[in-house]
Every structure is written in structure tokens, then in C-alpha cells.
Amino acid sequence: MRLLRLISWPYARKHLLRWLLTTAGIVLGVGVFVGMHTANQSVSAAFRETIDKVAGTTQLQVTAGEPGFGEEVLEKVQSLPDVRAASPVIEATVSTGKGNLLILGVDMLGDRSLRTYDLDGTDEAIDDPLVFLAQADSLIVTKTFAEKNGLKINSRMPMRTMQGDRVFTVRGIMKPGGLASAFGGDLAIMDIYAAQMFFGRGRKFDRIDLALRDDVTLAQGTAKLRALLGPGYEVDPPSSRGEQFEQTARIYSLASNITSVFALFIGMFIIYNTFAIAVTQRRSEIGILRALGATRSQVRTLFLVESLIAGTFGSALGVLFGIGMAQAMAGYIGGILTDVYGVAQRADGLDLNPVLLGGALAMGIVTSLFAAVIPARAAASVDPVKALQKGRNQALGEGESRMRRWAALACAAASAVALIFSRNTVIFYAGFVLSGITAVLLAPSLTLWLSRALRPVLAGIRPVEGTLAADSLIQGPRRTSGTVAALMLSLALVIALGGLARSSYNSLSDWMRIALNPDLFVTTAQNLTARNFVFPASLGVGLRAIPGVAEVQLVRSVRVTVKGGPVMLVALDVASVERRAKLPPVEGDQADMYRRTERGEAVLASENFVRLHGGRLGEILEIPAPGGTLRLPIAGVVRDFSDQQGSLLISRDAYMRAWHDDTVNVFRLYLTRGAREAEVRQRILDAFGKQQRLFVLTNKDVRDYVTRLTDQWFGLTYVQIAVAVLVAILGIVNALTVSITDRRRELGVLQAVGGLRQQIRHTVWMEAAAIGFIGLALGLLLGAVELYYAIEISRRDLVGIDIGYSYPVATALALAPVILGAAFLAALGPAESAVRGSLVEALEYE
Amino acid sequence: MSKLLAAWLLAASLAAAQDPRQIMQEVQRRQQSQSQHYEGTLEVIGHGSRIATKRWVFDRIGAFGNSKGMLRFTVPAEVKGVGLLIVNHPDRASDQWLWRPNIGREQRIALQDRSTRFFGTDFSFEDLEERDVAQFDYKLLGDEKETWKLQSTPRKSSQYTYGYLWVKKDNYTVVKVESYNKKGLVRAIDYRDFELAKGIWTARTIEVTDVSRNSRTTLKYDKLEYNVPMKDDDFTLDALRRGP
């Protein structure tokens with residue numbers, strides 16, 4: 001403690017900026033980890049809360065995937081003596097002029113046995129189910145929603161429905177709390193039969209919520225209902241929907257873990273670098289301490305305690321930063337999941353998990369301590385006599401370099417071997433980590449080598465300043481290599497993520513060219529993924545009759561559970577699709593697979609379904625449906641980006657038979673030769689637009705939408721890239737600040753012998769540029785390797801599609817000016833500090 | 001004279017026997033008619049003594065346990081046309097369907113929903129049923145000056161576990177009913193303003209009190225008629241959909 005006060009504190013105070021920069025890496029790493037996970041957990045918790053609140057006293061829910069089931073199932077369920085109350089539900093998230101609204105279609109007669117509608121005010125008419133039922137436009141909204149939008153009883157609220165634009169009347173306002181606080185209070189209750197009409201659901205329900213008699217256990221009730229309904233139906237407690245949601249949000253969790261680990265890894269290098277430099281700078285101090293009787297253990301402990309303090313400070317700041325970031329991230333992730341998956345949730349508050357926050361704090365501290373272990377050991381092993389001799393402390397011993405090179409070779413070999421056995425996930429990820437370690441171990445040698453290579457170039461540009469800048473790098477590789485390693489890792493991450501994005505866009509573009517080639521798309525929402533509303537099949541006949549329309553494809557997409565996971569089932573006219581938008585097989589015989597699927601004898605599986613759910617060509621899939629379990633083999637595997645969880649293409653006839661559902665999500669329209677898109681679009685709108693909710697999108701609209709969605713998805717990647725670039729810049733600033741401080745005497749001497757201020761500035765700038773260049777070169781190289789791993793991780797564990805390797809040349813080219821510019825900007829402060837400091841003080845340094 | 005004597009003898013024998021089932025069978029017999037028509041006015045007196053008024057037209061064909069009823073709301077305007085078809089059965093709970101003209105479809109009222117309030121009134125859907133006396137067990141609890149107090153226990157599924165009935169001795173009309181579940185008193189129904197219509201003593205005012213909600217509903221009968229000609233075809237799902 002005394003040593004800490006006498007030795008560490010004055011040093012830290014003197015180098016406050018450097019300490020702050022050092023902790024920045026930990027702040028970012030911990031912040032990203034806390035931010036991403038807290039956001040994920042908050043969204044997940046909000047979803048669970050919504051489920052709980054909406055469920056009321058519901059013990060079990062009967063579902064049959066997204067298509068729902070016929071009304072007769074309700075009577076069947078109600079006939080079971082074990083069931084105390086059973087009430088049908090339709091749930092949909094609808095975009096209104098007043099924001100997204102979760103609409104719960106319920107049967108007000110029976111639903112009150114399951115849910116409490118605590119209505120506001122004393123007006124009995126509000127509580128009059130007869131008026132509510134008699135008027136199909138009735139809505140009950142929450143007080144929160146009403147106050148937010150200035151709604152009162154009998155206020156009118158427009159909504160676009162399958163019956164066209166309709167104005168709804170607020171006939172009840174629920175008091176806050178319980179059901180009314182679900183989905184952040186943006187909830188409305190509608191009569192279920194009105195909801196069927198307005199959402200175009202025909203005579204179907206999404207699910208049945210039920211409560212059992214007191215003497216019936218959950219297990220008994222579940223078993224009896226399953227036996228009663230058969231395999232096409234799922235009978236589960238409401239909480240199981242939360243598990244499905246988490247499966248959906250899994251990708252985000254994995255991506256945030258990777259980013260956090262990377263940020264911490266980079267932060268660790270910054271800390272290591274700072275401590276390594278601190279040990280070098282304080283060699284004489286350590287020497288004196290040792291000469292005065294301080295033991296090696298005391299010196300080691302001193303540095304570890306310094307690191308502990310820096311780690312604790314940085315981690316605490318990181319936790320705070322992360323909490324701030326989580327608020328924004330939660331809204332972002334929530335938005336994506338609502339748009340893409342139609343999962344109704346909203347995280348208005350943060351779900352702060354003490355275990356997560358404690359874990360993140362510990363992770364930051366351990367990272368900081370781990371980073372300081374080697375410098376602390378180096379400090380402890382300082383020979384007091386040698387330490388008091390000044391100069392040449394930054395040089396790397398040839399033995400040390402050789403040892404590192406051998407270790408790097410061993411890691412590279414192990415990484416290569418891991419690639420051979422990469423089918424095993426653990427071995428694959430071990431290979432990934434080893435490739436990074438190889439690069440880190442090689443960084444000092446490569447930095448030295450590149451610095452030497454750069455010397456003539458720099459000297460060619462400015463003989464004095466260039467030589468001085470290069471020599472500074474060559475003589476202080478320990479100081480530079482840590483920064484270069486951090487920069488290299490950051491830029492490798494940028495290249496890997498940028499490459500992943502580029503490869504994905506390329507692959508997506510290929511798919512869009514083949515699969516999304518209709519001229520027009522008639523949809524129920526501008527958002528193509530929304531499935532809350534459906535069209536009757538009869539609209540297809542009307543569309544075919546529109547002049548200029550050559551062919552209409554009816555598509556019904558529904559999420560069902562196959563192999564225990566949520567999968568998108570796409571029912572379409574396979575023969576027409578084969579003729580118009582034939583996807584080439586990744587596996588399987590093209591002619592045979594389309595023929596068998598068209599006949600309803602098989603399905604086409606998407607590549608990501610096969611990868612993520614462990615399917616294989618020829619495997620017979622069991623697809624539970626209300627009409628009985630479908631047992632269909634996979635006739636072919638195609639590259640399809642319809643859904644991140646994987647998709648199955650099935651013939652529309654087979655789907656209609658099994659699900660008793662002839663509704664349509666999207667009509668794909670091919671126009672006759674010479675027909676004008678805009679004219680046909682207008683004809684469709686004129687013919688059907690006023691009668692029902694209908695959007696006509698052009699091919700470009702759809703492509704733009706898919707690209708926008710992909711941009712949204714990669715939005716998270718861009719955050720990661722920004723973090724990586726920021727860490728890289730911090731690394732340069734840190735290294736240069738250290739470098740200037742370290743060379744104050746040298747720079748002072750230069751000024752004393754007549755060196756111009758401008759020359760010193762140029763020296764610092766050139767040194768910065770050289771660090772930036774070396775980091776850039778190594779980063780772009782390592783990025784090429786990391787991109788391979790990123791694509792593999794994406795294929796194996798994220799989206800399941802082989803998107804192909806495509807190096808992001810544009811990103812690499814864009815990075816060059818960014819990093820060199822950042823290096824220059826980072827050098828401005830230290831350069832000014834070098835020329836404006838006191839000459840006497842500088843000459844006294846060390 | 002002989003008829004009068006016979007009736008007196010029957011009444012005397014029933015009164016003397018005090019057999020609860022016989023009492024109730026006599027109640028049912030005296031209420032027997034081939035059909036019924038009335039226009040009802042409902043007044044729901046809720047919290048703060050606020051009164052909500054609704055009107056309906058009711059037709060019934062057949063008698064206890066074998067009857068069918070059709071109820072259509074006429075007032076207020078926003079509920080006009082809403083209908084309810086009740087098909088009573090001698091041996092089980094009735095079937096009930098609701099017709100909603102606004103969305104053009106009927107909805108079956110599930111058995112488990114019969115205990116819910118009948119559209120904001122203090123009646124439940126079950127209270128609208130006409131159950132045959134054979135569906136209950138009876139026990140005579142008291143023989144007061146003007147009334148008998150009986151306990152009825154439903155044999156088939158019901159929201160009520162038992163009920164108390166007060167039957168007037170002079171004309172065999174039920175003047176009060178209290179219905180209980182396991183938790184206690186749920187509803188109390190008072191029958192008032194009796195009038196003789198086509199030989200049937202009929203309460204022109206029925207007041208239901210929902211004990212848990214502390215609210216009252218009164219139903220007043222207007223234009224009451226018995227045994228008017230009606231057709232079975234007017235008491236079907238098609239008729240419900242068709243409207244008045």
C-alpha cells in the first residue's frame with residue numbers, strides 16, 4: 001500500500017492521459033459485453049413479461065404453428081372435462097398511425113375467466129360486452145396508450161384492415177398494470193371474431209388459452225389435450241414461447257459475445273502494451289526499489305495491484321457505459337425482431353442482471369490482471385544494477401524473438417491441423433483462436449521487419465525526420481509491437497466483418513436475381529415479413545384478370561416447428577416457380593426435386609435449414625400439421641434467404657390439405673411483354689385497393705426492402721466495426737503518447753542541437769503514419785484469415801448459408817486513409833506536446 | 001262443482017303432503033304454455049346508481065325442458081339486431097347461439113361461459129335457460145304462512161351448487177330465488193307485480209341482484225302474450241341469422 005502511494009500514484013498522476021487511454025480498451029470491451037447482453041436480456045425479459053401479462057391465469061396454450069386452426073378445435077378443447085376455461089386468441093402486431101400496437105383478439109364472453117380487464121372510469125357502458133360485441137369496430141386500449149395518443153372513450157382511431165381503411169372506436173380504457181402493461185402498454189383488445197374479419201383470418205384462431213380444473217395437474221392436462229388433438233397441435237405452457245424467442249435472439253447473443261471478446265482481447269493488448277512500457281520507463285525506479293530492499297514479489301505485486309486498480313476502474317466505467325448503450329441497443333434489437341419475426345415485444349426498461357454485471361466486472365479485471373502478468377514478471381526480474389544503467393531498454397532480445405517465432409510456428413501448425421478436423425466445433429474454434437495467437441506472437445518480429453523495410457522509404461521522403469521516425473520504431477519494438485498487435489487485431493476484425501457483409505450481399509444479390517424476379521408483388525404490408533394479415537386465395541383470380549398480368553403465383557409463408565425449431569414453411573406453386581424462378585440445387589437432382597415437390601411427395605430444404613437443424617438430402621421430415629403429421633423427404637437443398645432459421649418449400653396443394661388453409665401472404669405477379677409496371681400497379685390498386693388492405697410493390701421495392709433489412713441486420717456489424725476502429729485509434733494515440741513521453745529526452749536533445757519544431761512534428765507524424773501503416777498491413781493480412789473463420793462461423797452457427805469468400809477490397813482501401821488519417825490526428829497532440837514542452841525538463845527526463 | 005271440488009282436493013292434498021317435488025311440478029304445470037311473447041325492458045343499476053337501459057323482444061315456443069327461445073335486442077341502437085337463440089333440453093344444459101349482425105356471424109356460447117354475465121346485466125347466460133324440474137333435487141326447508149321455502153340442487157352441470165326458492169302457496173308462483181355457489185350467495189332474484197295473463201300468473205317485474213358486484217338489473221315485461229301461434233322454423237340457426 002505504501003509502495004502504491006509512494007511509487008505508483010505519482011507515476012499515474014503524471015501519466016493520467018495514458019492511464020485513461022489504457023482503461024478505454026477495458027471500458028469498451030466490458031461496455032460492449034454489458035450493453036449487448038443487457039439489451040438482449042431486456043428484450044427477452046420484456047417478451048417474457050408480455051407473455052406473462054397477456055397469458056393472465058392461462059396454464060396451457062394450444063397452437064398449431066402460425067397458420068392457426070379451425071374454430072371446431074375450440075369446441076373440442078372445451079368439451080374436455082379437465083378444462084375449466086378455454087378461450088381463443090388472435091394476436092397481431094399492427095402498425096397504426098400511433099405506432100406499433102399489439103392487438104389481442106379475444107372472446108370477451110369467456111376470456112374474463114383467464115384475463116382481468118380492469119377498466120377505467122365508472123361508465124358501465126364501457127364494461128358492456130354487448131356493445132363491445134355488437135360493434136365490430138370496438139377497441140379497448142390501455143390508459144398508457146390512450147394518454148400517449150390523446151384518446152378518450154368514443155375516440156376514433158383509423159387502421160388499415162383487410163376490409164380496407166376502417167375507423168375503430170375506443171370503447172374501453174384499461175387501467176395500468178397487469179394485462180394493460182404488456183408490450184409497454186401499447187396494447188389493444190378487439191373481439192376475436194372482428195379480428196378474424198379485419199386480419200383476414202377466415203374462421204381460424206391463432207391459439208387457445210386455457211385453464212384446467214383445480215384437481216387436474218399440468219402434466220395430466222397436457223397429456224389429455226395432446227391425445228385429444230393429435231400430433232399437429234402443440235400444447236405447452238405460455239412460458240415455452242419465451243424459449244422460442246430466445247432461440248430467435250440466439251444469433252444476436254452469439255454476435256455480441258464475439259464482439260465483446262474481441263474488444264476485450266484488443267483492450268488486453270493495450271493494457272499489456274502500457275504496462276510493458278511502464279515497466280521499461282520505470283526500470284531505474286524499480287532498480288532503486290530493489291536496491292533499497294524491495295523483494296521481487298513486492299515489485300510484481302505492485303504492478304499487479306496497479307493493473308487491478310486500472311481494471312476495476314475501467315470495468316466499472318465499462319459497466320456504466322454498457323448500461324447506457326443497452327438502452328439504445330434494446331430498442332434496435334426489439335425493432336428488428338418485431339419487423340422480421342413479428343414477435344411482439346418491447347423493452348422499455350432495462351433488465352439489469354447482477355450476475356451479468358458482476359461477471360462483466362470480473363471479466364474486465366481479470367483481463368487487466370492477465371495483461372499485466374508478463375510486464376509484472378518482467379518488472380520483478382529486473383536486475384537492480386542493470387536497471388540503473390540507462391538506455392536500450394526497449395530492444396527485444398534475439399532469444400526472446402526466436403522463442404516467439406517458434407511458438408508462432410507451433411500455433412500456426414496447430415491451427416492448420418485444426419482446420420483438417422474442423423468438423424468438430426471445439427477444434428474449429430480452437431483453430432480460430434490459435435490463428436489469432438499466431439498473429440499476435442509474430443507481431444513483434446513482423447513489426448521490426450516492416451520498420452526496417454520502411455526505413456529507406458521514410459528516409460527517402462524526409463531524410464532526417466524519416467530516419468529518426470524509423471529508428472524510433474526499430475529501437476523500441478516492445479513499445480510499438482503491442483500497439484501494432486492491437487491495431488492489427490482491430491483491423492482484422494473490421495476486414496472479417498466487412499468481408500462477411502460483402503460476401504452476404506453478393507450471395508443475397510445472386511439469390512434475389514433468381515428468386516425475386518416477379519415484376520410485382522401484392523402484399524398485405526409494406527413490410528414483406530409481416531404475416532399478421534392474409535389474403536383470401538380468391539384474390540388471385542381477380543389479379544389474373546387484370547390486363548397486363550401474365551401469371552400469378554400464390555405464396556403462403558408460415559412459421560412451423562420442425563425438428564424442434566422454428567422453421568419457415570413456404571407453400572407455393574412449385575411448377576410455376578420452377579418455370580419462372582428456378583433456384584439451382586446445392587444438393588439433389590434439379591428436375592427430380594422440383595417434380596417430387598410439385599406432386600407433394602417431398603419438400604425442398606434451404607441450405608440453412610440443413611445446416612442449422614441438422615438435415616440431409618433424402619431425410620424424411622416430420623412436419624406436424626392440423627391435418628396430421630406430414631412425413632416428407634428432402635428432395636433437394638437450395639440456397640434460400642427467406643428466413644434466418646431455415647425454410648422448407650412445399651407444394652401449395654400439400655400445404656392446403658394439411659393445414660386446411662388456402663390463404664395467401666404474397667401474390668407474385670409476372671407481367672405480359674410490353675405491360676408497364678406502373679400502369680398494372682395502378683389497375684390493381686383501383687380494382688382492389690379500396691376494398692381491402694393491399695400493397696403493390698415493384699421488383700425494385702422488394703429488392704430495396706431486402707437490402708434495407710440486410711443493412712439493418714448488418715447494423716450490428718457496423719457497430720462492431722466502429723468499436724474496432726475506435727479501439728485501433730485509441731491504441732495509436734496511446735502508443736504515440738507513450739512514445740513521445742519515452743523519447744522526451746531524445747527529442748529535447750534534438751531541439752537543443754538546432755532541430756526545428758517542424759522537424760520534430762514531422763518525425764512524430766511519420767512515426768505515427770508508420771505505426772498505422774504496419775498495423776494496417778498486418779491487419780489486412782490477418783483479416784484475410786479471420787474472414788475465412790468469420791464466414792465459417794456464420795455458416796456453421798449463425799445463418800447456415802455458405803456465402804462464399806469475398807475479400808472486401810473496398811473496405812480495405814477505405815481503411816487505409818482512415819487509419820493513416822487517424823494516426824495523423826492521433827499524432828497531433830503528442831507532436832505538439834513534444835515541441836512545446838520545457839527543453840530543460842526534457843533533457844532531465846529519465 | 002265437481003271440477004271445483006277436484007281442484008280443491010288436489011290443492012289440499014298437495015298442501016298437506018308438502019312434497020317439494022310435487023310443489024315444483026305444480027309450479028311448472030301452472031306456468032305451462034305452448035308459446036310466449038313479450039317485450040322486455042332491462043335496467044341495469046350499477047355503481048353510482050347509473051342506469052343503463054336495453055330493450056329486447058322475446059319469443060318462446062314449447063314448454064319447460066323442450067322449449068326454444070329467441071331473443072332480439074331492439075334498444076339501444078348500437079346493439080339492435082343482436083340475437084340469442086336458446087334451445088332447452090329436458091336432460092341437459094341448453095344450447096345457446098349469439099348472432100352479431102355487424103360481423104354477420106353466429107357464435108356458440110360455450111357451456112363453460114354460461115356463468116358469465118349476460119351482456120352487462122346481472123343475469124348470467126344460465127339464468128336464461130328454462131330447466132325442467134326433473135333436472136333438480138328438491139328439499140322443503142320451511143313452511144311459512146304464505147310461502148314454502150325449498151332448496152334446489154342441480155343434478156346436471158351448473159355454476160350454482162344449490163338454490164333457495166320461495167313458492168307462494170295460493171297460486172304456486174315462485175316469488176324469490178337465491179342462488180349459491182361454493183363461496184356463498186351469488187344472485188338473488190325477486191319476482192314482483194304478478195298479473196294473470198291467459199290464466200297464468202306472471203311476474204311483470206323481475207329484479208336480479210348480483211351480490212358480488214352489488215348491482216341490480218330489473219326486467220319489466222310488456223306486451224306479454226301466451227299461446228300465440230309460432231313456427232318451429234323461427235327458432236333455428238337460419239332464423240337467427242335471418243333476423244326479425
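Predicted model: local features only at pLDDT ≥ 70, side-chain atom pairs only at ≥ 80, totals over all residues.

Reader: How many helices and strands does chain A have?

Author: Chain A holds 28 helices and 21 strands. Of its 846 residues, 53% are buried.

Reader: What share of the contacts in chain A joins residues at least 24 apart?

Author: The share is 85%, taken among contacts between residues at least 6 apart in sequence.

Reader: Why is the sheet of nine strands called mixed and open, and what is the order of its strands?

Author: The strands follow the order S6-S7-S5-S8-S4-S3-S10-S1-S11 in chain A, and the sheet is described as open with mixed pairing. Its edges are strand S6 (156-161) and strand S11 (234-236) of chain A, each of which pairs on one side only. On average, neighbouring strands of this sheet are turned by 35° against each other, direction ignored.

Reader: How do you know that S3 and S10 of chain A pair?

Author: Pairing requires at least two bridges between the strands. Strand S3 (residues 83-96) and strand S10 (residues 207-212) of chain A have six bridges, in the antiparallel sense, and therefore they count as paired. Within S10(A), A:Asp209 stands opposite A:Ser87.

Reader: Which helices lie on these strands?

Author: Helix H3 (residues 72-79) of chain A lies across strand S1 (60-63), S3 and S10 of chain A, and runs at about 145° to S3(A). Helix H8 (residues 218-229) of chain A also packs on the sheet, where it touches S1, S10 and S11 of chain A. The direction of H8 makes about 15° with that of S1(A).

Reader: What makes strand S13 of chain A mostly covered?

Author: A residue is buried if 20 or more other C-beta atoms lie within 10 Å of its own. In strand S13 (residues 549-562) of chain A, ten of the 14 residues are buried, so the strand is described as mostly covered.

Reader: Which strands pair with S13(A), and in what sense?

Author: S13(A) pairs in the antiparallel sense with strand S20 (residues 666-671) of chain A over six bridges, and A:Val555 stands opposite A:Val666 there. S13(A) also pairs in the antiparallel sense with strand S14 (residues 565-572) of chain A, over seven bridges. Here A:Val567 in S14(A) is the bridge partner of A:Val560.

Reader: Which residue in the hairpin of S13(A) and S14(A) takes a positive phi?

Author: That residue is A:Lys563, with phi near 55°, in a hairpin that has two residues between the strands.

Conventions. Residues numbered from 1 in each chain as written. Chains lettered and ligands numbered in written order. Helix = DSSP H or I, 4+ residues; strand = E, 2+ residues; numbered from the N terminus. Buried ≥ 20, exposed ≤ 12 C-beta atoms within 10 Å, placed from the backbone. Contact = placed C-beta atoms within 7 Å. Axes fitted to C-alpha atoms, helices over the stretch in contact; angles between N-to-C directions.
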